[in-house]
Amino acid sequence: MLRLAAAAILWFGLWLPPLRSGLESDMALHMTVQIPLLAVVGILIAPEVRRFEPRWLAEADWLGIPGIVLVLFSTSCWMLPVALDSALGDWRMEVAKFVSLPLLVGMPLGLSWQRMPPLGRLFVIANIISKVGALGGLYLAAPIRLCAYYRLDQQAEAGSALLAVATAAIVGAFLASFFGWSWRRPFRDAWKGHRAVATATDASPSLPT
Amino acid sequence: MSANAGRADRAGVRDGETAARAVELAYIAVVAIVLLLMMLFGLTMRAAQAQYLDVQPRLFYVLLTMHGAGMVGIAGVAGAVVMWHFVRRHVPVNTTVFLANLVLFLIGAVLILGSGFIGGFAGAWTFLYPLPAHSNGIWSANAAAAYMLGLLVIGVGFLLLHLDVLHGIWRTYGSLANGLGLKQAIGLKPEKTGPPPAVPAATMASIVNVLGIVIGAVVLILSLVNLYVPSFTMSALVAKNLIYFFGHVFINATIYMAVIAVYEILPLYAHHPWKTNRIFYLAWVASTVMVLIVYPHHLLMDFAMPPWALVVGQIISYLSGLPVLLVTAFGALTVVHRSGLRWDTPSGLCFLGVLGWAAGVIPAIADGTIVVNSVMHNTQWVPGHFHTYLLLGTVAMFLGYMTWTAKEVPHETIGTEPAAFWLYVGGGIIFVVAFLAAGSASVPRRYAVHLAPWLTYDRIGSLGALLVVLGVGIMVVQFLVRVPALARLPMTAVAQPLPEAAAE
């Protein structure tokens, strides 16, 4: 319940005008703070939703691959400049952003991550780091404004911020694996108490050897 | 019931081992064939420079690009099979992932060869931005894109393989630092509790390669966008930094993976284990850091680079390879000294690998000095030094592993082994010395057409290359004819310690 309350507070906090307009007025904050925090809302909801997840859906999410593919496609959509623009210019797209990021990114991530084999998780992390880095590079390289609502200098700042995020992620992932810190722990803790209803598909499976 | 389950478990393990052996043999066969093919490309280029063959410049630069990309890639695959074979004795790794890497490599190789021989891409293996997008009509954007997609596909395969190895090390040792022997290196734990030598080497190579591949993927994607949307431009200097970080790390990791063959095979011959100690672990820890920061020595001629970066490049060049090289060379001498070691082709090749690596580092250090680099970098001195530690280092270590694997199946061609070994060694020395001598005489590198005064070096180099191709060709044929028999052997008999070593 605590997590649901935290998710609700975070979601409404992000929706309320002072924070929403503050974050959306700057492209870098929009991309590196608001969008990831909306995904965090879904991650917080996932363990609570898990109890009601039908068995067929859990089984269909083989090795967590369908869920992670959904996450990758959904995040790719919200990385496009046209998507950012339309969210700022059309209230319906803004609602779609506030609904889709928790439900199509955060929640599937929270549900599918545990089902993925460790190698899959590592590969997804490496893939996301490359993608964020490349996107940052593209925003820096773009000769024209890609978003109607943001200036060229804001676009360049967003590119630098994304590169900084990619760098921080690669350094963090390296340090975590080098010194043996587990990035599964937060997810594992979030799942505590829900083991009783876990199905056989929850067990961390491995690829055929 | 439990007896049945036990039998099923044993059968499962046996099937798993048989599959692993089959994939390993496929790896070795692919490496052997591609290596020979790339050597033939090299021989063709040297013969063209020597005016023995008439090769049009356009084709020459395609061959140059394919030879470079092919050799770097196949050296990576060669290192990967050596690493995987030995490291799986100590940590759990996945055969499916290992196979996926080979399949992805072959797909990438087809794309790259197609980009060159069909699309005419000849932008050198380093695909330096913005050259791929500025071909003057010699190749199309699609050809350059096929080349870059090929690299990306190969990178995905290696990323999966290295992540799998790192995950296995993490599961077994608790962290990558433990796999590297960091606690032993800094005296927090006794030396004897450290991991076996294959594990720090695999840890180091996998750490640096994962970082290199992730960075390489970023610059490849940006270059791909630039091909089709030329208005998307990036700083050429930043792109060069990213490319050389990726390229330097990848090619260096091939040596650090292949050297595992030395750690594992020489002791079997010498009946003397490879002793690890604090210095050994310290060397691997130091090299992990230095391999990641030494790449600016490839940019010493770039005046726009910050001077501090170039100074770091020079200083770390002096130090980077030395820790691991010294502990390996000293360790090899210690293992061999008064061991009564029976020299044959595998043991000779493993020992030669260390020698070639050590010898190649000397001209490399010279070229890593800023004042020397400014006059030597665009001469044949550079291919001279990297061929020394790749041809006589990495490739020798792989050939040592290949011939050691083949040794399990006696064959009538066995009598030709010493001849093949000496053809390879003699030819290799002639070949690299011709490059180094030409470099010291300021003969430029990467020129399709050479002036008359340079031809002596080219002709001697061509002779050396021919001898190398003959020697390696004999070894490759000797291996390939044994593959069916090797595949049929029970796992316990394949590539295990030699009888006398096992008895020991």
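Which handedness does the crossing of α8(B) and α14(B) have? The crossing is left-handed, a term applied when the near helix is turned anticlockwise from the far one by less than a right angle, right-handed being the clockwise case. The structure is a predicted model, in which local features need pLDDT of at least 70, side-chain atom pairs count only at pLDDT 80 or more, and totals for chains, interfaces and linings use all residues. Residues are numbered from 1 along each chain as its sequence is written, while chains are lettered from A and ligands numbered from 1 in the order in which they are written.

Chain B contains 17 helices and zero strands (DSSP runs numbered from the N terminus, H or I of at least four residues for helices and E of at least two for strands). Its C-alpha trace spans about 70 × 45 × 45 Å along the principal axes. Of the 504 residues in chain B, 55% are buried, that is, with 20 or more other C-beta atoms within 10 Å of their own, the C-beta atoms being placed from the backbone.

Helix α8 (residues 236-270) and helix α14 (residues 381-406) of chain B cross at roughly 45 degrees, and their axes come within 9 Å (lines fitted to C-alpha atoms over the stretch in contact, with angles from 0 to 180 degrees between N-to-C directions). The two helices α8(B) and α14(B) are therefore oblique, the class left after under 35 degrees (roughly parallel), over 145 (roughly antiparallel) and 65 to 115 (roughly perpendicular). Residues in contact (C-beta atoms, placed from the backbone, within 7 Å) include B:Ala258 and B:Val262 in α8(B), and B:Met397 and B:Trp404 in α14(B). This contact has eleven nonpolar, four polar and no charged residues (nonpolar: Ala, Val, Leu, Ile, Met, Phe, Trp, Tyr, Cys and Pro; charged: Asp, Glu, Lys and Arg; polar: the others, Gly among them).

Helices α9 (residues 278-293) and α11 (residues 322-336) of chain B pack at about 150 degrees with their axes 7 Å apart, which makes α9(B) roughly antiparallel to α11(B). Their crossing is left-handed.

The contact between the chains takes 28 residues from chain B and 23 residues from chain A. On the chain B side, α7(B) gives the most, with eight residues.

Definitions and conventions:
Two residues are in contact if their C-beta atoms, placed from the backbone, lie within 7 Å. A residue is buried if 20 or more other C-beta atoms lie within 10 Å of its own, exposed if 12 or fewer, and partly exposed in between; C-beta atoms are placed from the backbone.
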